[in-house]
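Dear colleague,

Here is the structure we talked about handing over. Please look it over, then read the notes below it.

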Amino acid sequence: MRFTTTIKTLAAAIAAGFCMAGAAHAADTEEVKLGYAGPLTGPQAHYGEDMQNGLTLAIEEANKKGIKLDGKTAKFVLVSKDDQADPKTGVTVAQQLVDEDLKGILGHFNSGTTIPASQVYHDAGVPQIAMATAPEYTKQGYDSAFRMMTSDTQQGTAVGEFMVKDLKAKKVAIIDDRTAYGQGLADQVEKAVKANGGQVVRREYTTDKANDFTAILTNIKGSAPDAIFYGGLDAQSGPMKRQLATLGIKVPFVSGEMTRSETFLKLAGDAADGTYASLAGVPLDKMAAGKEFEQAYKARFKSEPGVYAPYAYDGAWNMITAMEQAKSADPEKYLPMLRKLDRKGATSEHIAYDKNGDLKEVSVTLYQVKDGKWQMVKTMVSEAK
């Protein structure tokens, strides 16, 4: 009887010890919530998932590092929301994220959702690093807004120059899907075409829900352009390229980074060959630590990284590095560190922001589909002006 009592007493003491150790460990750990919003359902889900994977990889690596913030070991947690690539949903989701007491926002993906949502984050004093490429995002004067990729102003300038100087296209037709991204990129391409001595002979519009472009392509055919540019998603550019072939329009077809995808190749089929697409940054195998990132991504997700994953990865590390330098997850303390950030990442040897929150290093690569695969044509790297 006395033996049984002793065992029970010992067990209770051990249990109490574990509880105290657990409580002590909890007291030494600080949960740091970072928000993510992007399209996780619908036709753009593959973009949103790619971005989310890049963020997840960075956060898991940071947790293994045991970063100390505010005197405690930080445990970073990604809180994800599906904004459905819809501006109204994006604002609703933004408010939901802010209500969860987040220390930073890594998103949204689309320019159309990012721009209206950015006011919610700014008003709440929450720093935001978005994938959005429309120039309007960082022209709002919000000191909380930063990018993960080169802006459309920079990308459009490079594409317009490439079309006129490299493709020798003096007459260009332009189509966009009326989204903030598609229209914004197309506007910049138009300016660059004209600045380089070219002429825009036709400007047509569609939507990001359309799949029949016969009418506008027939109008364009009558204008006899030397090249056609499309600002929009692969869900439209794929069928559009097939319909160009059906109509016998054989001039170069050029688009932006959302067309530079495996989805475009599948949707365009045999008609994909010859298509050009621009992409902010340099090819994965030419990035500062692209090969290491690719290996880590494959090991974690058992698949190839998409276009946006390495930029999302660096975006997360930019925010985490700023916190680490400030030794705090308090936005007021780490935001100044984010503004003067200068670090080597996966995508670049020199990641730094200008006064607007745009990346200082401008790099744009042009690709072409050859034998059903995307192949690099030309990379342009410069400093933002």
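**Notes on the model**

Gln-52 has a relative accessible area of 19%, which is under the 20% limit, so Gln-52 counts as buried. Please keep in mind throughout that this is a predicted model.

Gln-52 belongs to helix α2. Setting aside the neighbours within four places in sequence, Gln-52 has contacts with Tyr-36, Leu-40, Leu-78 and Ser-80.

**The chain as a whole**

The protein chain contains twelve helices and 15 strands. Its C-alpha trace spans about 100 × 45 × 40 Å along the principal axes. Of the 385 residues, 53% are buried. Among contacts with a separation of 6 or more, 66% are between residues 24 or more positions apart.

On confidence, the average pLDDT of the chain is 92, and 92% of the residues score at least 70. Residues 18-25 are a stretch to treat separately: pLDDT stays under 50 there, and the model has zero contacts beyond four places in sequence for these residues.

**Helices α2 and α10**

Helix α2 covers residues 45-65 and helix α10 covers residues 290-301; their axes come within 11 Å and cross at roughly 100°. That crossing angle lies between 65 and 115 degrees, and α2 and α10 are therefore roughly perpendicular to each other.

Which residues of α2 and α10 meet? From α2 they are Asp-50, Asn-53, Gly-54, Thr-56, Leu-57, Glu-60 and Glu-61, and from α10 they are Phe-293, Ala-296, Tyr-297, Arg-300 and Phe-301. Sorted by class, this contact has five nonpolar, three polar and four charged residues.

Strand β3 (residues 72-82) pairs with strand β1 (residues 29-38) through ten bridges, and the two run parallel. One example is Ala-37, whose bridge partner in β3 is Lys-81.

Strand β2 (residues 68-69) is joined to β3 by two bridges, and here the strands run antiparallel. Leu-69 stands opposite Lys-72 in β3. β2 and β3 form a hairpin with two residues between them, and Asp-70 in the turn has a positive phi of about 55°.

Gly-90 sits in helix α3, residues 87-98. Is Gly-90 buried or exposed? Its relative accessible area is 0%, so Gly-90 is buried. Apart from neighbours within four places in sequence, Gly-90 is in contact with Asp-83, His-108 and Ala-117. Ser-151 lies 61 residues from Gly-90 in sequence, and the C-alpha to C-alpha distance between them is 20 Å.

His-108, one of the contacts of Gly-90, is in the loop between β4 (104-106) and α4 (111-124). The peptide bond joining Gly-107 and His-108 is cis, with omega of about 10°.

Lys-168 has a positive phi, near 60°, and is not a glycine. Lys-168 is in the loop between α5 (152-166) and β7 (171-176). With a relative accessible area of 60%, Lys-168 is exposed.

Ala-224 also has a positive phi, of about 50°, although it is not a glycine. Its place is in the loop between α7 (214-222) and β9 (227-231). Ala-224 has 43% relative accessibility and so counts as partly exposed.

**Ala-352**

Ala-352 is in strand β13, residues 351-352. At 5% relative accessibility, Ala-352 counts as buried. Leaving aside neighbours within four places in sequence, its contacts are Leu-341, Asp-342, Asp-358, Leu-359 and Lys-360. Leu-341 is eleven residues from Ala-352 in sequence, and their C-alpha atoms are 5.4 Å apart.

Regards

Technical notes. Residues numbered from 1 in each chain as written. Predicted model: local features only at pLDDT ≥ 70, side-chain atom pairs only at ≥ 80, totals over all residues. Heavy atoms only, no water. Axes fitted to C-alpha atoms, helices over the stretch in contact; angles between N-to-C directions. Helix = DSSP H or I, 4+ residues; strand = E, 2+ residues; numbered from the N terminus. Parallel < 35°, antiparallel > 145°, perpendicular 65-115°, else oblique. Contact = heavy atoms within 4.5 Å. Nonpolar A, V, L, I, M, F, W, Y, C, P; charged D, E, K, R; others polar. Buried < 20%, exposed > 50% of the residue type's maximum accessible area, 1.4 Å probe, protein only. Pairing = 2+ DSSP bridges. pLDDT = per-residue confidence, 0-100.
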